[in-house]
Amino acid sequence: MALIVILLVLGFAAVLCIVEVPKLLKARSFKELWAFLLLLALGVVLSILRSLKVEIGSPSDVFAWIYAPLEGVMESLLTKG
């Protein structure tokens, strides 16, 4: 079943590229082309990982990990005042 989903995702991405890339090239919109390809690749990779049942964390987990060291500092600043 996962193989079918992967093939469908890749097929859909190919159709999107066939439709959109020539338009962007004709308009000479290279920044938009790079953004389109980057976001499409990210979506394809995440969709394939999801179909393979790989655990993908939430983006909020990344923010929590980044700001976790500041939690104690911020709490102490806010409670002493």
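**Overview**

Read from the N terminus, the elements of the protein chain follow the order α-α-α. The chain has three helices and zero strands; helices (H or I, at least four residues) and strands (E, at least two) are DSSP runs, numbered from the N terminus. This is a predicted model, in which local features need pLDDT of at least 70, side-chain atom pairs count only at pLDDT 80 or more, and totals for chains, interfaces and linings use all residues. Residues are numbered from 1 along each chain as its sequence is written, and side-chain values use heavy atoms, with hydrogens and water left out.

**Overall dimensions**

- The protein chain has a radius of gyration of 20 Å, whereas a compact globule of 81 residues would be near 12 Å (taken over C-alpha atoms; the globule rule is 2.2 Å times the number of residues to the power 0.38).
- The C-alpha trace spans about 60 × 40 × 10 Å along its principal axes.
- Between the C-alpha atoms of Ser76 and Leu16, which are 60 residues apart along the chain, the separation is 51 Å.

**Burial and core**

- Of the 81 residues, 15% count as buried (under 20% relative accessible area, with exposed over 50% and partly exposed in between; 1.4 Å probe, protein chains only).
- The largest nonpolar core has ten residues, among them Ile6, Val21, Leu33 and Phe36 (a set of buried Ala, Val, Leu, Ile, Met, Phe, Trp, Tyr and Cys residues joined through side-chain atoms within 4.5 Å).
- Helix H1 (2-26) and helix H2 (30-51) are the elements that give two or more residues to this core.
- Leu33 touches Val21, Leu24 and Leu25, not counting residues up to four places away in sequence (contact means heavy atoms within 4.5 Å).
- Ser51 lies in helix H2 and counts as buried because its relative accessibility is 15%.
- Apart from neighbours within four places in sequence, Ser51 is in contact with Ala2, Val5 and Ile6.

**Surface and helix H3**

- The protein chain exposes about 7000 Å², of which carbon and sulfur atoms supply 74% (areas come from the Shrake-Rupley method with a 1.4 Å probe; for residues, only the protein chains shown count as cover).
- Leu77 is found in helix H3 (residues 59-80) and counts as exposed because its relative accessibility is 59%.
- Ser76 also lies in helix H3; its relative accessibility is 30%, so Ser76 counts as partly exposed.
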